[in-house]
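This report describes a single protein chain, shown here with its sequence and structure.

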Amino acid sequence: MEKNIAILIADLSGYTALTETHGATSAANLIDKYIRIAENCLVGDSKMHQRTGDEIMFISDCPDFLLATALNLETNTSNEEYFLQIHGGLHFGKVLNRDDNYYGSTVNLASRIAANAIAGTFWCSDDFVKSLTNKSICAFKPMGSHLFKNINGQKEIYEVSIEKTKTTLIDPICRMLIVNPQNAFHHPNENQIYFCSIQCSEEYNKSQSSVQCLEMHEQS
């Protein structure tokens, strides 16, 4: 049976970097934390439909509820120490529900939008914006027309405007958020560079040394 629903697909920016740096156990622990956070962000009839790796698909019959869920996700993840930035895509349209699985271009487009959204942002289709009952819950920044792989025609895309109350500090190696700089490892010469651990600090120094050696080699 086909019906119109709102879909949010949200995943974690830098998950691969974190896994490579801190290993599978840390990555699995982070996913467990992500699920707990997501469960506490649900509004109205919004629910987590499925998870694949670090990606969660949320659904709701009400776009307003799903938008509120997305805003909660951004707020709660951005305030979580040693977590990752989130990014996602929101779309509204017709899907086929078969055996509790959803099929159709609506799902595909939501996934494409999510993949294009940069870290710390949610992008949405004009179909999603038009479907909202209350458009004053937040502002929407026009991102122009976009072509998406295997999707017919250009789609008007908007970024959900989320007010940032503070500067985001990110470990340059594992991409984890540094919420409390006083508890992190500060780079001795760079004011805005912090690390979650000595390991990341050492990896950063190694990478910088490699870059400097390469530059000297190219200049010689």
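## Cysteines

The sulfur of Cys196 lies 3.7 Å from the closest cysteine sulfur, that of Cys174, which is too far for a bond. A disulfide is counted where two cysteine sulfur atoms are within 2.5 Å. Cys196 is a buried residue, because its relative accessibility is 12%; buried denotes under 20% relative accessible area, exposed over 50%, and partly exposed the range in between, with a 1.4 Å probe and protein chains only.

For Cys124, the closest cysteine sulfur belongs to Cys138 and is 7.7 Å away, again too far for a bond. Cys124 is buried, with a relative accessible area of 0%. The disulfide count by this rule is zero.

## Basis of the model

The model is predicted: local features require pLDDT of at least 70 and side-chain atom pairs pLDDT 80 or more, whereas totals for chains, interfaces and linings use all residues. Residues are numbered from 1 along each chain as its sequence is written, and side-chain values use heavy atoms, with hydrogens and water left out.

## Overall make-up

The protein chain contains five helices and 12 strands. Along the principal axes, the C-alpha atoms fill a box of roughly 65 × 40 × 35 Å.

Of the 220 residues in the protein chain, 42% are buried. Among contacts with a separation of 6 or more, 63% are between residues 24 or more positions apart; a contact means heavy atoms within 4.5 Å.

## Nonpolar cores

A nonpolar core is a set of buried Ala, Val, Leu, Ile, Met, Phe, Trp, Tyr and Cys residues joined through side-chain atoms within 4.5 Å. The largest such core has 43 residues, and those with the most contacts inside it are Leu8, Leu67, Leu73, Leu90, Phe122 and Val160. Helix α1 (residues 15–39) supplies the largest share of this core, seven residues. Another core, of 10 residues, lies apart from it and includes Ile5, Met57, Val107 and Ala114.

## Helix α2

Helix α2 spans residues 63–78, and its 16 residues reach 23 Å from the first C-alpha to the last, close to the 22 Å expected. The expected span is 1.5 Å times one less than the number of residues. The buried residues of α2 include Leu66, Leu67, Ala70, Leu71, Leu73 and Glu74.

Beyond four places in sequence, Leu73 touches Leu8, Ala10, Ala38, Cys41, Phe58, Ile86 and Phe122. Glu74, also in α2, counts as buried because its relative accessibility is 7%. With residues up to four places away left out, the contacts of Glu74 are Ile86, Gly120, Phe122, Ile162 and Lys164.

Strand β8 (residues 155–160) is joined to β6 (residues 122–125) by three bridges, in an antiparallel arrangement. Strands β7 and β8 are also antiparallel, with five bridges between them. Two strands are taken to pair if DSSP finds at least two bridges between them. Within β8, Glu159 is the bridge partner of Trp123 and Glu156 that of Ser145.

His146 belongs to β7 (residues 140–146) and counts as buried because its relative accessibility is 18%. Its side chain reaches the backbone oxygen of Met143 at 2.9 Å.

Leu169 lies in β9 (residues 169–170) and is buried because its relative accessibility is 12%. Neighbours within four places aside, Leu169 is in contact with Met176, Leu177, Ile178, Pro181, Gln192 and Tyr194.

## Loop residues with positive phi

Tyr82 is not a glycine, yet has a positive phi of about 55 degrees. Tyr82 is placed in the loop between α2 and β4 (86–98) and counts as partly exposed, because its relative accessibility is 25%.

Asp99, likewise a residue other than glycine, has a positive phi near 55 degrees. The loop between β4 and β5 (101–103) holds Asp99, which is exposed with a relative accessible area of 69%.

Note on methods. Helices (H or I, at least four residues) and strands (E, at least two) are DSSP runs, numbered from the N terminus. A polar contact is a pair of N or O atoms within 3.5 Å; within protein, one must be able to donate a hydrogen and the other to accept it, and residues adjacent in sequence count only if both atoms are side-chain atoms.
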